[in-house]
Amino acid sequence: MSDHPIGTPVIDDNRAVSTVIGVVILFGFLILALSLYQVEVVPQQNTETEFQHSGEVRNDLVELRAAILQAGSIDQPQYHTVELGTTYSTRLFTINPPAPTGTIRTSEPYPITISNNSGTPEGTITIPTRFIEYQPGYNELDRSPTWYDASVLYFDARDNGGGIAVIEDQSLVDNGEVQITALQNEFRRSGTGRVTLELRPTENGTINIPEGDLTVTIPTRLSGKEYWDDEFSEVGIYTGVDTGDDSPYPNSVNALKFETVNDINVNTVGITDEPNSGPKQDVEPDESPESPPVNGDVLDDVRASELVGDTNNQQQEFEIDLGQDLDGGEEIIIDLGFNTGGITYTMGNQYAIVDGDGEVTKGGDLLTYTAGANDNAGDTITIIADKVKVGPISGELRSIEANINDESKAAEFPILNDGNFDSGEYEGGDVFVTGDVTVQEGEVISGDIDAGGDVEVKEGGEVQGSISSGGEVTVNEGGEVQGLVDADGKVTVADVTGSITAGGDVEIKEGGEVQGSISSGGEVTVNEGGGVQGSVEADGKVTVNEGGEVQGSVDADGKVTVADVTGSITAGGDVEIKEGGEVRGSISSGGEVTVNEGGEVQGSVDADGEVTVREGGEVQGEISEG
C-alpha cells in the first residue's frame, strides 16, 4: 500500500464571478442610460407634447374670440370648445410628471360707461363686462396666461418680466364706429379635457343709448403704451388710457377712453346663460321718441318646424314670439325664399293661423301676417303652411326670415332623412333623420344629430356636435358628446361637454361628467364619481350619490338627496344631506331637511317642515323651520 496521502485537489474557478460582474456592469449602464433618458429625452418629448397643445389651444382661443363677437353681432347662440390641458405619452420604465392641466375663467366684472355728460340719470349708462383668462399648467413650457380683453387676444408674460404678444388685434373701432361686445356671467373650468362655452346673446330687455356726443370708457388690462396708442394713432375719437390712480377701476385695470362718439353698437353676450345686464345686439342711439324699436325688440324669437326630404304635402309650423305689443294693421313679413332651396311653398289658401289675432296672405315668396287688435307682448303667433313639397334633399339646414320695421330674425330648420341612421353610413356633416340614430363603437360624427327617435352613442363613439332627440338619448361609458343634448325623453349619459335638456329623467353614469347644466322634466340622478359642473333643475326628485358632485345649484320640485353640492338647494320636497356630504350654499325646502353624520351646510337652512341635524352634522348658517 502506498504511503502517499490521498486528497481532493482544489480548483480556483472564477468564471461565475466574472459573469456576475458583467451583469452588474451591464445593469449599471442600463440604470445610467435610463437616468440620462429620464433627464434628457423625457423632458424633450414632453416639451413637444406641450408645444403641440399650446398651438391647438391658441387656435381654440382664436375661435372662441370669434364666437363671442359673432354671438353678439348675429344674435344667435354660439358653442365653442377649448381643450384645457393635455396628457403625455405612456412610459414603461421612466416617469412622467403630472399631466398639465389648464384653467379658463372669467375675471371680476368691470363697468363699461357710456355718457353724454349731461349730468342727468338718463345721460349715463353702465354695462358690466369681464375678461377671459386661460392659464396653462405646463411642466416644461412657459405658464404665462392668454387673455381676451376688449376684443384683443394676447399672450401676457408681464408677470415674468416679459411683455405681451398680440394674437388677434382689436375689433373695437372700425371706420370710426365703436363696436362693443360686453361679456358677462361668471365661468371657471379646470382640467385636462375639453370644455364647451355656451355663448348666449341677450334675448329679453332693451336699453337706450344716450343722445348726443358720447364719452365711452372701457376697462382694459393693457396700457396705451403697450398697445392702444399705436393701434389708435389715427383714430380721432381715441383720447388715451387712464392708469393707476387716474383709472376708475380697481385691481390695476386701466380705462380706455373715447370722446365725441356718435356711432356706436353695443352687444351683450353671456357665458352659459343669457347676459344678466345690458342691451340686445346692435343697439343704436335713441334718436327720438318716434324711433323704430331696436333690433330684436318686437321679434323676440322665430321658429320653423322641421321637414322631411323627398316628401310632398307636408305641414310646416312657423312660430313668432312677440316681445312688444303690435298695433292693429302692423305687418310681419315672412320671407319663404330666404334660404329654402329645394322646398316649394304652394300658392292659394294653404296657410292657417292657429294662434294670433290677425290675418295671413301670400304673395310670391312673401307670407304677410297683418296684426289684429290683440297681438300683445308675450303672445306667440303660430302659422301653419300646408302642402309643402320638399325635393330629394336631406341632412341639410334651411331657413326662413321674419321682418318687421327695421328688424329681422332668421329661423333655421333641418331637412330630415326618412328612416333610421347608423354611423356606418356616415359621410360627414350633420345627421337629420325621422327615426333612431346609432353611433357605433369607435365611430365619430363631426356634426349635429337631429333625430325623431332615440339616439345611442356606444362605447368609444363620439359626437362632436349637439344632439336633439324626439325620444331617449343614451351615451354609454366611453362615449362622448361635445355639444348639447336635448331630448323629449330620458337621457342617460357618461360624458357630455355641453348642457342637457330632457323632457324625462336624466341619469349621469358612474364616473360620467356633464360640463354644462341639466334641466329635466323628470328626475335627475348623479351616480358615484359622476359630476355636473353647472346647475341642476328638475321637475322631480334629485339624487346625488356618494362620490357624485354638483358644482352649481340644485332646484327641484321633489325630494333632494345629495352628497356634494357647491351651490344652493331649492326643493319643493324634503332635502337630505348624505353622510359626509357637503352643501356650500343654503337650503330652502318645502318639506323636511336632514343633515346626516359628517354632513355640512355652509349656508342657512329654511324649511317648511322639521330640520334634523344628526350628531356630527353641521349647519353654519341660521336655521328656520316650520
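Contact here means heavy atoms within 4.5 Å. This is a predicted model, where local features need pLDDT of at least 70 and side-chain atom pairs count only at pLDDT 80 or more, while totals for chains, interfaces and linings use all residues. Residues are numbered from 1 along each chain as its sequence is written, and side-chain values use heavy atoms, with hydrogens and water left out.

Leaving aside neighbours within four places in sequence, I500 is in contact with V485, V491, V493, V506, I508, V514, S517, I518 and S519. I500 is also, with I449 and I569, among the residues with the most contacts inside the largest nonpolar core, which has 53 residues. Such a core is a set of buried Ala, Val, Leu, Ile, Met, Phe, Trp, Tyr and Cys residues joined through side-chain atoms within 4.5 Å; buried is under 20% relative accessible area, with a 1.4 Å probe and protein chains only. Another core, of 34 residues, lies apart from it and includes I125 and Y249.

Now the sheets. Strands are DSSP runs of E, at least two residues, and helices are runs of H or I, at least four, numbered from the N terminus. Two strands pair if DSSP finds at least two bridges between them.

β14 pairs with β15 (254–261) over four bridges, and V241 stands opposite L256.

The other open sheet has the order β1-β12-β16-β10-β9, with mixed pairing. There, β10 and β16 are parallel over seven bridges.

Key: Buried means under 20% relative accessible area, exposed over 50%, partly exposed in between (1.4 Å probe, protein chains only).
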